[in-house]
Amino acid sequence: MINEVVIIGGSYAGLSAALQLGRARRRVVVVDAGLRRNRFAANSHGFLGQDGRAPGDIAAFGRAELARYATVEFVEGEVVRAGGGFNDFTVDLADGTRHRARRLILAAGMTDILPQIPGLAERWGRSVFICPYCDGYELEQAPIGVIATGPHSFHHAMMLPDWGPTTYFTNGAHAPDAAERAELERRNVTVEPTPVTAIEGERADVVLADGRRLGFRGLFTAGRIAMSSPVAGELGCELQDGPLGRFVKIGPRGDTSVAGVFACGDIARGAGSVALAVGDGNIAGSAAHASLIFDATLGKAA
């Protein structure tokens with residue numbers, strides 16, 4: 001049997017897309033590998049109506065809501081390849097099963113590639129973060145550190161004084177030029193050029209190459225990102241470069257460069273936000289539904 005839509009990714013964007021299609025009574029398969037990007041965080045912030053709730057609980061609640069829509073099916077597994085084309089796509093899972101669909105929605109999200117500093121990965125989502133809007137408020141205006149990974153880290157350092165006294169560790173990744181240094185001084189940001197050798201302590205103590213140890217309530221850094229699934233490239237979707245990595249280029253309705261393929265959430269933004277992922281999923285789900293009905297290449301209404 002050919003499904004009407006297969007959604008690759010069952011986190012916030014994928015669930016939101018499935019909700020629109022389920023309410024349209026369309027046959028949908030949601031393939032979920034179970035690896036939400038924010039699974040390391042205890043709480044999610046910035047999503048109206050869900051602020052402070054555990055991210056896993058938000059996803060579980062959304063999935064429970066979808067359970068009452070009989071045309072939505074969930075499949076646990078990892079997608080290893082996708083192929084085919086308009087009106088007959090194929091999605092292959094690691095367990096050997098295959099699903100066919102007239103439309104695809106890519107919502108598999110991104111994977112964070114963290115700086116290789118001992119102790120950083122173990123604190124990711126607990127005292128080392130990427131998004132000030134998600135985690136800055138809870139630091140209660142205590143000292144904050146920013147570990148540079150490239151030129152974009154200057155913007156991180158400029159923003160964070162609103163959440164606490166900020167130290168910018170250039171760490172051999174980006175030393176501010178004269179103009180940037182003047183801007184950082186205006187924001188009362190301390191610039192520290194000594195390399196970071198480790199993160200230790202209960203919260204986030206920064207150990208420097210000269211032996212100093214500086215204590216912080218939290219640290220922020222922006223590592224590279226990579227698409228969690230390779231299928232966008234396999235399908236031939238056009239990609240675009242962002243400051244942290246490549247992501248899928250989409251139009252205003254979540255449409256990719258490949259007819260019949262839509263994308264939503266982090267994979268199509270290059271930035272992470274639960275609220276934006278849910279909104280993007282709503283757009284992509286409704287656009288996929290409209291495509292099933294109105295797309296000119298179908299020749300007639302479905």
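View 1. The centres of domain 1 and domain 2, taken over C-alpha atoms, are separated by 32 Å, and the contact (heavy atoms within 4.5 Å) draws seven residues from domain 1 and eight residues from domain 2. Domain 1 comprises 3-111 + 225-294 and domain 2 comprises 115-221, with bounds that come from an automatic or database domain assignment. The model is predicted, with local features needing pLDDT of at least 70 and side-chain atom pairs counted only at pLDDT 80 or more, whereas totals for chains, interfaces and linings use all residues. Residues are numbered from 1 along each chain as its sequence is written, and side-chain values use heavy atoms, with hydrogens and water left out.

View 2. Five strands form an open sheet in the order 8-15-9-10-11, with parallel pairing; strands are DSSP runs of E, at least two residues, numbered from the N terminus, and two strands pair if DSSP finds at least two bridges between them. Strand 8 (128-129) and strand 11 (190-192) stand at the edges, each with a single partner strand, so one side of each has no neighbour in the sheet. Strand 9 (residues 144-147) pairs with strand 15 (residues 218-221) in the parallel sense over four bridges, and Gly 145 stands opposite Leu 219 in strand 15.
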